Amino acid sequence: MLEIKELAVSYGAITALHGVSLSVKPGSIVTLIGGNGAGKTTTLRTVSGLLKPQAGEILYNGKSLVGLKPHRVVELGLSHVPEGRMVFANLTVHENLMMGAYLQRDKNLIRASFESVFATFPRLQEREQQVAGTLSGGEQQMLAIGRALMSRPKFLMMDEPSLGIAPLLVKTIFEKIVEINRTQGITILLVEQNANLALEISHFGYVLETGKIILSDNSAALRQNPQVKSAYLGGG
Amino acid sequence: MLSRSQYYLLAAIAVAFGASWFSRSYNPYFLDIAVTCGINITLAVSLNLINGYTGQFSLGHAGFMAIGAYSAATVTTIFGDKLLPLVGGQTWILFPLALYAGGLVASLAGLLVGVPSLRLRGDYLAIVTLGFGEIIRVLLQNINAVGGARGMINIPEYTNLFWTFGLAAITVYTVWALVNSTYGRGFIAVNDDEVAAEAMGINTTRYKITAFVVGAFFAGLAGGIYAHFKQYIAPQGFGFDKSIEIVVMVILGGMGNTVGVIIAAVLLTVLTESLRKFGDYRMILYSLLIIVLMITRPQGLFTWTAKRKTA
Ligand SMILES: Nc1ncnc2c1ncn2[C@@H]1O[C@H](COP(=O)(O)OP(=O)(O)OP(=O)(O)O)[C@@H](O)[C@H]1O
Ligand SMILES: [Mg+2]
């Protein structure tokens, strides 16, 4: 479904990605793990059209995404939950979700999206008129995911949904990610530093280190990999 | 069916009309301050769309005002003789048309300034818009057809309380309705988090330019009102200090807080009048005021509640 080939991205003189290749099969959850500054966020932002690659190719269902504006990428069915729960702090929950459906014109479809998001995250419905900046961290993360779902994506990219959230809520959110994948058939590319959880819920995993993929395998196999164990799963 | 805000708009226009009807009996000094207040409300509320709601920083609002003032005055003063017969000699038809023309030319300039705003942010945008304002001023100084540095005289006195406050009401309504519409929520989203907004497929570029174009349009209209009130305009009347004055109103009122900005515009207008005897020291007082405010109440004087602000 998504095919990234030899992607190279730099910020001015700093090269963040040195030829990253990965592929995501339809219906799967694929995770991209790696430490601070490995280039995970850079990868997602480039797919979304927020950054321009120096070299390489990004194919979505065989169509190149390179050079497309972000709104065109959203129109094609890709949606992005940005790092750090960037919800619109001065808008209400309802308005944030409306922003997620920004490109959607059909009122009935928007209503259906609201229902489906509220079915996944009942908490958001309770807080519909609350200003997003006053939500708890976990609720903001739910909102960020809900907002991304409002565009009715076929492919969802999530950037560290566990960041700065209480462990109990992290578990809930990861269960929701699995639910979104299973029941709505949305393919997911999950970026995480919490490798343990990410490998638990995903089918396939890639390990990114300083802008290069150093390992890739089935998630179950990666969890047994001694290198991954020592570097990302908290020791042997 | 009219919405509640539309009723408010109609009521405000009706009040302006009523107040205008009796304006002959008012003290001229009071009338002068009232009209200046109305003009400044229009200027501050329209700048608030650019600086407050979309979080850009424009220092060129007086430039847009100048363009509107000169364009409208050109229509009524230079071409008035030819145009008036076309509208049956009715100045109340010619005047809004002239104002509208001024607004359009100003919004075109807004488009020109809005385009660089896509690539620039913060301080750089402030410098570009400041440069724009100065360029307009220097250009006007060198166009002899509109009086050059001496300015333009004999502009007919068409402005009254009705036009002034009618425009102010329409400006407040338009900015309010724009920001509170589903489409307009995008202005706040762009300000809250530009990257997230972009990732949602929100065309942040279009919002920023729209803010400039709409803001400039109303500043241009305010310029036209001003020209037909003072009956004399000169380039130096639209300098950097005028832009700063409007920015201070927005900061004082609280960025993105329309009611606060209206109160601030009125207060500052009255304050400016009372400070007039201090001449150029006014600017120093202004600067001090901004510094003190930024330190003590960065959210603005009139933003009390945390309803829409979280920081
Ligand atoms: N706007 C930027 N300008 C310059 N360099 C940047 C910028 N954004 C990221 N970088 C650099 O690019 C590299 C990759 O950053 P990226 O944000 O993609 O890492 P990451 O894997 O998402 O890290 P984290 O887990 O900490 O979020 C880092 O070295 C970072 O310093
Ligand atoms: Mg990151």
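Leaving aside neighbours within four places in sequence, which residues is B:Ala44 in contact with?

## Around B:Ala44

B:Ala44 touches B:Ile246, B:Met249, B:Val250, B:Gly253, B:Val261, B:Ala264 and B:Ala265 once neighbours within four places in sequence are set aside. Contact here is two C-beta atoms, placed from the backbone, within 7 Å.

B:Ala44 is also listed with B:Met65, B:Ala222 and B:Ala265 as having the most contacts inside the largest nonpolar core, a set of 157 residues. Such a core joins buried Ala, Val, Leu, Ile, Met, Phe, Trp, Tyr and Cys residues through C-beta atoms within 7 Å; buried means 20 or more other C-beta atoms within 10 Å of a residue's own, again placed from the backbone. Helix α10 of chain B (residues 204–230) gives this core its largest share, 15 residues.

## What to keep in mind

This is a predicted model, where local features need pLDDT of at least 70, side-chain atom pairs count only at pLDDT 80 or more, and totals for chains, interfaces and linings use all residues. Residues are numbered from 1 along each chain as its sequence is written, while chains are lettered from A and ligands numbered from 1 in the order in which they are written.

## Ligand 1

Ligand 1 has 13 residues around it, with A:Tyr11, A:Ala16, A:Lys40, A:Thr41 and A:Thr42 coming nearest. The cut-off is a C-beta atom, placed from the backbone, within 6 Å of the molecule. In chain A, β2 (14–24) and α1 (40–48) each give two or more residues to this shell, and α1(A) has the largest share with 3. Helices are DSSP runs (H or I, at least four residues), strands likewise (E, at least two), numbered from the N terminus.

## Where A meets B

Chain A puts 24 residues into the contact and chain B 17. On the chain A side, α2 (70–75) and α3 (93–100) each supply two or more.

Methods:
Buried ≥ 20, exposed ≤ 12 C-beta atoms within 10 Å, placed from the backbone.
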